[in-house]
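The exercises below are meant to be worked through with the sequence and the structure side by side. Try each task before reading its solution.

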Amino acid sequence: MDFKLTEEHLMIRDAARDFAKAELLPGVIERDNKQEFPAEQVKKMGELGFLGMMVSPEYGGGGMDTISYVLAMEELSKIDASCSVIVSVNNSLVCWGLETFGNEEQKQKYLTKLATGESIGAFCLSEPEAGSDATSQKTTAIDKGDHYILNGTKNWITNGGSADYYLVIAQTDREKGHKGINAFIVEKGWDGFEVGPKEDKLGIRGSDTHTLNFNDVKVPKENRIGEDGFGFKFAMKTLSGGRIGIAAQALGIASGAYELAREYSKIRKAFGTEICNHQAIAFKLADMYTEIEAARHLVMKAAWDKDQGNNYDMSGAMAKLYASKTAMDATVEAVQIHGGNGFVKEYHVERLMRDAKITQIYEGTSEIQKIVISRGLLRD
Ligand code: CAA
Ligand code: FAD
């Protein structure tokens, strides 16, 4: 086993770290307070190539591997998980889905803009009555010959208000169950497409989450992705990689909280000494670091599996399951180590604690990851 990162990996990690400190840290508390979408920061991330890292250079992307992507995701998430979820959705759900399963016209028309950050994408699977149970889609797309008519509601959509292009999953033939589901590219501004109000959230408050309504939206047939009936598998395959990105986000939140807690414990004094000299605090740091290292190994293994062409359904699910729990545990302990200061915004750890929770919910809850892992274990 070779645990050494290449020079290129280290450069990418350092570039993401420097960018996060210089461009994401200023204003992160204010954006969280105001639930402000980080438009300026997203524009800069696009210019620097963070929005299409793994896309082939032929379509305007960075042509990087998944290891590079998770290293960047970790660094961005240490500082601002609202920004990193935008990066994750654009890279691993929208760009990857289009590059892997879209046709050449779709790639030229949409992927080239999404990979450079000129446009932003959203991935629309969840519905009010179909979250974990994703095959229960109620949104319909009726085949009208050269186009489909799309009707229904998607909720919880990240980049919902700020995206330009939306990958929308809908039922085209209810009789066929999951084989009657398709994925479509829908453009903002098409007649009948309405963006609902923004959700007021516990965490990742800078990221905009919206309900979307589709009322008789005409979608040209050339905007269907893949063969008829491929939509559910499209969503599942895309999410398998997306989960590696969210696992890296969780890892970043955990390691960001750990680093803040370690530094604080070295300067805060109680009972005549720095609090890190109290074993109860030092042991918390030891536990946090051990769990973070374990999470990092799972995240890297999943990214490596994807880069090697191995199946990564299970390794991605295990990485997300473990890293998201680590993010919750580490952020709660980071607040504890900060004492009263941990409870106020200025010290950042309370935001990281609020941001951590979503990593156990989106892109498949922890219970859903266990379904994926256990089915993988029990399959012949
Ligand atoms: N790759 C390819 N095919 C897959 C697959 C995968 N990873 N997982 C399932 N499939 C296929 C199955 O093989 C099956 O096809 P066949 O009948 O041809 O064999 C078909 O899909 C249906 O599979 P299941 O019977 O396993 O379906 P299920 O109803 O039991 O559900 C599930 C499986 C894993 C629970 C799935 O519904 C699921 O992942 N749910 C969670 C949804 C989710 O993650 N949503 C995230 C929304 S996006 C988001 O959240 C973004 C964000 O926040 C930033
Ligand atoms: P439910 O499915 O109702 O689950 C409720 C509880 O029951 C959970 O604890 C769940 O684990 C448990 N449960 C359900 N089924 C089982 C089972 N079979 N066994 C054991 N336990 C079970 N979706 C998108 O499509 N695109 C996005 O961009 C997106 N962004 C999001 C951003 C945010 C901030 C949030 C909050 C959500 C986002 N989602 C997005 C939706 C997210 O993926 C869903 O919330 C998630 O998949 C869970 O679905 P649900 O909320 O309907 O919960």
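**Exercise 1.** Locate His 348 between its neighbouring helices, and decide whether His 348 counts as buried or exposed.

Solution. His 348 sits in the loop between α9 (313-337) and α10 (349-358), where helices are DSSP runs of H or I with at least four residues, strands are runs of E with at least two, and both are numbered from the N terminus. Although His 348 is not a glycine, its phi is positive, at about 75°. His 348 counts as buried because it has 22 C-beta neighbours inside 10 Å; the cut-offs are 20 or more other C-beta atoms within 10 Å for buried, 12 or fewer for exposed, and partly exposed in between, with C-beta atoms placed from the backbone.

Before going on, note that this is a predicted model, in which local features need pLDDT of at least 70 and side-chain atom pairs count only at pLDDT 80 or more, while totals for chains, interfaces and linings use all residues. Residues are numbered from 1 along each chain as its sequence is written, and chains are lettered from A and ligands numbered from 1 in the order in which they are written.

**Exercise 2.** Describe the shell around ligand 1 by asking how many residues form it and which helix gives the most.

Solution. Ligand 1 is surrounded by 23 residues, the closest being Ala 134, Thr 135, Met 236, Tyr 362 and Gly 364; a residue counts as near if its C-beta atom, placed from the backbone, lies within 6 Å of the molecule. At least two shell residues come from each of α5 (81-101), α7 (231-267) and α11 (366-378), and α7 gives the most, namely six.

**Exercise 3.** Determine what UniProt places at residues 231-378, and how much of that stretch is helix.

Solution. The UniProt record (an unreviewed entry) places the feature "domain: Acyl-CoA dehydrogenase/oxidase C-terminal" there; its positions follow the numbering used here, feature names are shortened, and annotations may be inferred rather than shown by experiment. Over residues 231-378 the chain is 78% helix and 3% strand, and the end C-alpha atoms lie 25 Å apart.
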